[in-house]
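Morning, everyone. I have one structure to go through today, and I will keep it short. Please have a look at it first.

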Amino acid sequence: MPPKGNINAKKAKLYNSRTIRTQLSDPSFTEKEKLNIADFLRAREFEISSFERSQLNTKYASSTRVFQNLPRTMRRRTASHNVKRIPSRLRSRALREMQNSTNGVPPKKKRSRGRQIYELQVRRKLLKCSSLLKKVGGLPNDKVYGNSNIRSKIQELTKQIKELESSDKERKPLNNEVGSYDNTGINAYASRPRGNIKYYKRQKENVWLPTHIWHAKRFHLIKQHGYQIPQSPTQKCFKSMNRQNKKGAVIFDTSYYDTIIVEIKGEEEYKSLLLNITKYKKRLPDSFLNGTKTYNNWIYLGDETNKVGKAMIYSNLSINKILVRVYPSLFLSVFEYLKSKVQNYFSESNIYDCRYSLGSIDLCGPQAIPAISKVLHIVKDQNPASLKVWKFLASSNDSGIVPVGTTIAFEIWDPRLWKKPTRVPPPQMNTEFTINDLVVSLNEGNCDGINKTSIEHLLSSEGRTASYKDQLSIKAISKEFNKVSPLTNSIQHKEVAPSRIPVLVSKIGQNKWTIIVPWYWVLPIWISAVHVRQVLPGGLKQLHQFNFESLNPTFPHDFPFLADGWFANEALGKLNEAKYSKLKKSSVNTARPDFEDPDLFSPFNCDWTAIRNFVFLRKLSKKSVEDLAKNEPTYVRHIEETVHRELNSLHDIKQQSKEISNIYTGTTPLPIPIALYNKNIEFHAAFVAGSYEIENLVAVANKQLPVIQIAIELVNKGTISDGARLYFAGTGAEPIPPKLDHFYTAGFATSGAYNLSEGHATAIGLIRADVKLQSNHNFLFIRNIGKTTFHLAKFHEI
Amino acid sequence: MVRLKQRYILFDIIYPPTADSVEFSSFSTSHSNALLTLHQTSPASISPKTLIQAIRRTIQDNYGDFGAGTAGLSVSIKYFSNKTSTGIIRCGRSSFQTVISALTLMDKIESSNVLIRCIHVSGTIKKCEEYSIKRSRELMRLLSKDTSTIKDSLVSSLQTEAGDFENVERDEDIE
């Protein structure tokens, strides 16, 4: 029987906590009386204090552990039994709590014996050998990373150590003690980085970012495109990220973006390559050529119609180098194309694969530059122009004044030499040059914030290796800090750590900045940057959220007309189909509008093939939509094993669309069913005018439906989810709700959700390009998958 | 199990002066005077028990048996202070408007005239307490200001403006 005394005590405690004391009035005064000011104030004070006391009592009536007093973001799961996870100021209380309770103490660790102890010791010896090799200045060679057992690995390492100890300093592969080296591929692919020996096996298929371990403790990670990319923080952060994007800054590690450097010594060929891959057709802007602005737009491989995706291109004619930064899935096609071009040039030209030698950090939000300026300490004896520009940017809270593409380059000291983030001193009060002058000069493109030496160092392998020279380890830095008094914030950088880090800062989007640094300097900058109060780290999902909230499309989800977006769409469809097939038959409702016939019009993703088939088959049948709706379905004729179908009614068209893929028997793969509308392409122009022609069924399978990208906002209440079907609203004066038939679908919403910035549901989607023919107002109807209600929405083209 | 939701009503009893009372003339001389007159201490006859009885009686009178059955039974007093004449009532979520109107319609408790007004309604007692704390602080701040000269200055400014009006020309449209 549990002891009853305890329960009564708890109940009494809970009951007592709920009573609120009142001030007792004098029993002699039984009537109402007017108080004087002093008494009135005293009475009110007593009431306030009794309310506050009752609130505290109820909070502490139920038993709480000390770590429950921490905010949600600082709690750790194992804090209840591992005292080291609690911040130091609460540690003594936690220890006392654990002593009193029996469950708080963790069980004693069993001591391993025999074979296990041998394995642990051998593993420890391997790590010791590899760190000794680093100290001596070498990198483990391929044999160490191969499939040998640990003993042979240790032998290999000791052999290498002996060799290096006897050689002189210039011939060593490493110029520092922490293992930082420059991993560039010259006219070939770069070799995969192998990382720490301890974690080598996990990086065999997916490369780890420099900040991987930091993210592993706090983020969910996803394996994509050969990297392990942080997807989202482990805590719920949808609203807090939205707030942070409006007022503070959000920081991302985007080292997974692949960079390629092309070096062309001849000026004509340099310019011709740029004209080839960018949107500029005849003349390149001067600011782009001399490196004060970056290009952040579509990249074309070959002709104008072959858009592959958006990229950042930085070019600097004075050092003859072009930097191309692309999303990792586009890397292969872009690299092969550039390589084929570069090999045919007369002048001396090279292509460098800098995937694993240049890393980057992205920042979003209005406080992006002020926050990062607290961490990047510029080397002062360089050109004062970039320092001036930087000071102005760091002092203003509005990043909208700076045009997209603005670039600044400078060199910084090691950020770990400063304990806490420190503010940049504001620009001097100078009446000759104010922030308005800066804005004007930035917009005109004649502001020079580029430091040439730093760009040279950043874009060349020797420069990057030179920046790693004598890079300090964390132990060395804390040794230096122990030498000085504990109150100092920084160490004398010039003597202790003379390494200068080349940095390129560029604005790549409306609210987005990117910082490009050498690979092994990303982690020191990151660790200092996340200590700034204004920044919160984010992942891929947050990038998608921010783009969505400002009604911008995100690569790859919102670009199904590009290869990446198409594959993402297909993968999503397969995933949803697998989930659906696992449901029990009793819980599946096939009476819903989209699930009656999944083969005809897939309810699992955006079925662009079906829309393309419907539109072109109707054109092939040479009948109007009203005629088709009126006619009865005809029977199918079989002629010599081919199925011949007359397209007389809507039913015929639908059944024919299911069989289109069987008709095509060629060897080249079919193109993606949709393409972004381009008025220079004949077929697209004819489509929008309504004068295009479709000859036969094979043409239906081969042609691409032109589409345009739109942003949609609901007019009244309602929700939009991914994959919602879009319908035109008719050609009359008022929008008319359409018939519930797949034939009338005009497009899909690729991303749809509640938009916290707008306050109602919005979506990004694609519809057929002949909008003007089908309806004369900018209204649409939206129907979510599986639902029957239509919501009215307005749209505008992006 | 679905949660049964409550509403906590913060109310207070105020005593505006009637024409035949002593404080009538001095009521509007200054802010502090007005506030002190309104927020007097309640007589000892008003206690939590008598308040509940009065509320139930009012509900019975105005809303009948149905009202008394739904709203009247779930009313309870969580806090009441005679010195400050403020209190917190708890009632069910569906009937809180009945209770508030009953409070408004009450004019007598145990033969003393009362005027009850509802200041704040909230789903948790913590928020009611917080609102009351904020309000008390605001009252204390108002009282500590010395505003006795405002009335005279307002009256004098009106008199000077009245003098300006003597030279106004007649409007011709009014004819």
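In this predicted model, α8(A) crosses α20(A) in a right-handed sense. The helices in question are α8, residues 238–247 of chain A, and α20, residues 540–549 of chain A. Their axes lie 11 Å apart, at an angle of about 60 degrees. That angle makes α8(A) oblique to α20(A).

Which residues make the contact? From α8(A) they are F238(A), M241(A), N242(A) and N245(A), and from α20(A) they are Q542(A), Q545(A), F546(A) and E549(A). Sorted by class, the contact of α8(A) with α20(A) has 3 nonpolar residues, 4 polar and 1 charged.

Now another helix pair in chain A. Helix α22, residues 608–621 of chain A, packs with helix α24, residues 650–663 of chain A, at about 115 degrees and with the axes 10 Å apart. The crossing of α22(A) and α24(A) is right-handed. On the α22(A) side the contact uses N613(A), F614(A), L617(A), R618(A) and S621(A). On the α24(A) side there are I653(A), K654(A), Q656(A), S657(A) and I660(A). The classes in the contact of α22(A) with α24(A) are 4 nonpolar, 4 polar and 2 charged.

Last, the interface. Here 24 residues of chain A are in contact with 30 residues of chain B. About 2700 Å² is buried between chain B and chain A, and 64% of that is on carbon and sulfur atoms. How many salt bridges does the rule find across the interface of chain B and chain A? The count is 1. A salt bridge joins the side chains of E52(A) and R137(B), at 3.6 Å from N to O.

Conventions. Residues are numbered from 1 along each chain as its sequence is written. Chains are lettered from A and ligands numbered from 1 in the order in which they are written. This is a predicted model: local features need pLDDT of at least 70, side-chain atom pairs count only at pLDDT 80 or more; totals for chains, interfaces and linings use all residues. Side-chain values use heavy atoms; hydrogens and water are left out. Axes are lines fitted to C-alpha atoms, for helices over the stretch in contact, and angles run from 0 to 180 degrees between N-to-C directions. Helices (H or I, at least four residues) and strands (E, at least two) are DSSP runs, numbered from the N terminus. Angles under 35 degrees count as roughly parallel, over 145 as roughly antiparallel, 65 to 115 as roughly perpendicular and the rest as oblique. A crossing is left-handed if the near helix is turned anticlockwise from the far one by less than a right angle, and right-handed if clockwise. Contact means heavy atoms within 4.5 Å. Ala, Val, Leu, Ile, Met, Phe, Trp, Tyr, Cys and Pro count as nonpolar, Asp, Glu, Lys and Arg as charged, and the others, Gly among them, as polar. Buried area is the accessible area (1.4 Å probe) that two parts lose on being put together, summed over both. A salt bridge is a side-chain nitrogen of Lys or Arg within 4 Å of a carboxyl oxygen of Asp or Glu.
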